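Please examine the model shown below together with its sequence. The report that accompanies it is arranged by topic.

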Amino acid sequence: MEAVSLILQLAWTFFLVGAFTFGGGYAMLSLIQNQVVVAHQWISESAFTDIVAISQMTPGPIGINAATYTGYSVLYEATGLHWMGVCGSAVATLALVLPSFLIVLLIVKFYTRFRKSTLFEGTMGWLRPTVVGLIGAAAVILVVRTAWNGCVPEFSLVRENIIDWKSWLLMGAAFVASYWKKINPILIILGAAALGVLLY
Amino acid sequence: MGREKVSLWQIFAVFAKIGTFTIGGGYAMIPIIQREMSRRGWISDEELPDIVALSQSAPGVMAVNISIFAGYRLRGIPGSIAATLGSITPSFLIILAIAMFFSAFRDNPWVERAFKGIRPVVISLILVPMVNMARKACTSWWKWALAVASLVLVAFLNVSPIYILLVVIIMGFSVTYYSGRWKR
C-alpha cells in the first residue's frame, strides 16, 4: 500500500517536472533535484550527484536518463526490490513525457501563429533568465546546505560532494576544461574518475 | 504530402537508433535526426528548423518533443506515440541496467574513490551550460535580477521552482500584454 502511494506521488512529481521544464535537460535537473532531494527527501544530495554524473555519461537525453534513474532509486531504496525499482523508473519516465506529449500535440495545431506571437516571445524573455537562476540554484544546492535558525541562515558545505581542497581544484579544472577548452563532458567525467582513484 | 505510409515499427526503430546515439543533451541529437530524417525523405532539411524551434518552446525534453512532432507528421497520434517510445526506450534500458549494477557496486572502494573525484566535477558541468544560457538570456539588468532572485529563492530559501516559474509566466505574460506590443 505504501509502495502504491509512493508510485502515485512519483508520477505526479515527474508530471510536474515535465510540465515545468523550460530550457532543456539542465533546467529539468534543477526541478528533479528540488522535488526529489529537497521537497520529498527521497534521495540524498550525493546520490543525486551520482545520478547526474551517470546521466551525462550514458546515451540518451540527460533529462530522461535522470528521471529513469531517479524513479528506480526512489522505489528501490524504499522497498529493496529491483522489480519495484523498474516500476518506479517506468512511471517516472512516462509521467515526465506525458505533459510534453499533450502540449506538443496542442501547439502542432496552430504553431505558426504561436511561434511568431509577440506575447509568447515576451513571456519567454522572462522565463529564460529565470531558468538560468534555477540551474544555478541546482549547482549551489550540491555545494552548500542552508538551514534556517529562525531568521538566521546557517550555511554548511555538502561534505559528500566537497570533501576537501582537492574537490575545489577538480571543480575548477572541470569548469576550465568544459567552458574554455570545450572538452567533451564524458571525457571530463572519466578523467575525474581516474583522478578520484589516484587522489583518494 | 504524398508520402507513402511509414510503419509504426519503423518509426519506433529509427527514433530508438537516434536515442541510442545521443550522448549529453538534445542539441547533440539535431545533426543525427537531420541525417536520419532527410535520408528517408520523412522530414526535409527546410522543415527541420521549424520543428526544432517548436520543440524548444514546448516544455520537457527537447529530444522527446522533436520525436513527438516528427512522429505526428508521419502517422498522426499513433506515430507520435511510436516515436516517443522509440526515443526513450534505449535510455530507459541502459539506465536500468546501470542502476541495478550500480546499486550492487556502490560500496566497492574503487567505485567510491572514483565518485569522490566525479562529484565536484558534475557541479561544474551544471554551471557551464548555465553560464552559456545566461550570456544569451540575460540581456538587461532586470533579467539578471530575475536570474539572481530565482537562484537565491530556490537555493537558500527553499522555494519550489514550480511556484517561481508560475509567477514568472504570469508576470511575463501580463507585462507583455499590457505593454501593448502584443496588439501591434
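## Basis and confidence

This is a predicted model, in which local features need pLDDT of at least 70 and side-chain atom pairs count only at pLDDT 80 or more, while totals for chains, interfaces and linings use all residues. Residues are numbered from 1 along each chain as its sequence is written, and chains are lettered from A and ligands numbered from 1 in the order in which they are written.

The pLDDT is the predictor's confidence in each residue, from 0 to 100. Its average over chain A is 89, and 96% of the residues score at least 70. Among the elements of chain A, the highest mean pLDDT, 95, belongs to helix α8 (residues 165-179) of chain A, and the lowest, 62, to helix α6 (residues 111-116) of chain A. Helices (H or I, at least four residues) and strands (E, at least two) are DSSP runs, numbered from the N terminus. Where pLDDT is low, the predicted coordinates should not be read in detail.

## Domains

Domain bounds come from an automatic or database domain assignment. In chain A they give domain 1 (2-112) and domain 2 (165-199), with C-alpha centres 26 Å apart. Chain B is divided into domain 1 (8-105) and domain 2 (112-183), and the C-alpha centres of these two domains of chain B lie 26 Å apart.

## The hairpin of chain A

Strand β2 (residues 144-149) of chain A pairs with β3(A) in the antiparallel sense over six bridges; pairing requires that DSSP find at least two bridges between two strands. Ala147(A) stands opposite Glu154(A) in β3(A). Two residues separate β2(A) and β3(A) in this hairpin, and Gly150(A) in the turn has a positive phi of about 65°.

Strand β3 (residues 152-157) of chain A lies largely in the open because the number buried among its six residues is zero. A residue is buried if 20 or more other C-beta atoms lie within 10 Å of its own, exposed if 12 or fewer, and partly exposed in between, with C-beta atoms placed from the backbone.

## Contact between the chains

The contact takes 99 residues from chain A and 84 residues from chain B. Helix α7 (residues 118-143) of chain A supplies the largest share of the side of chain A that touches chain B, 23 residues. Two residues are in contact if their C-beta atoms, placed from the backbone, lie within 7 Å.

## Nonpolar core

A nonpolar core is a set of buried Ala, Val, Leu, Ile, Met, Phe, Trp, Tyr and Cys residues joined through C-beta atoms within 7 Å. The largest has 114 residues, and those touching the most other members include Ile135(A), Ala138(A) and Val121(B). Helix α4 (residues 62-105) of chain B gives the most to this core, with 17 residues. Not counting residues up to four places away in sequence, Val121(B) touches Leu170(A), Met171(A), Ala174(A), Ile188(A), Ile189(A) and Ala192(A).
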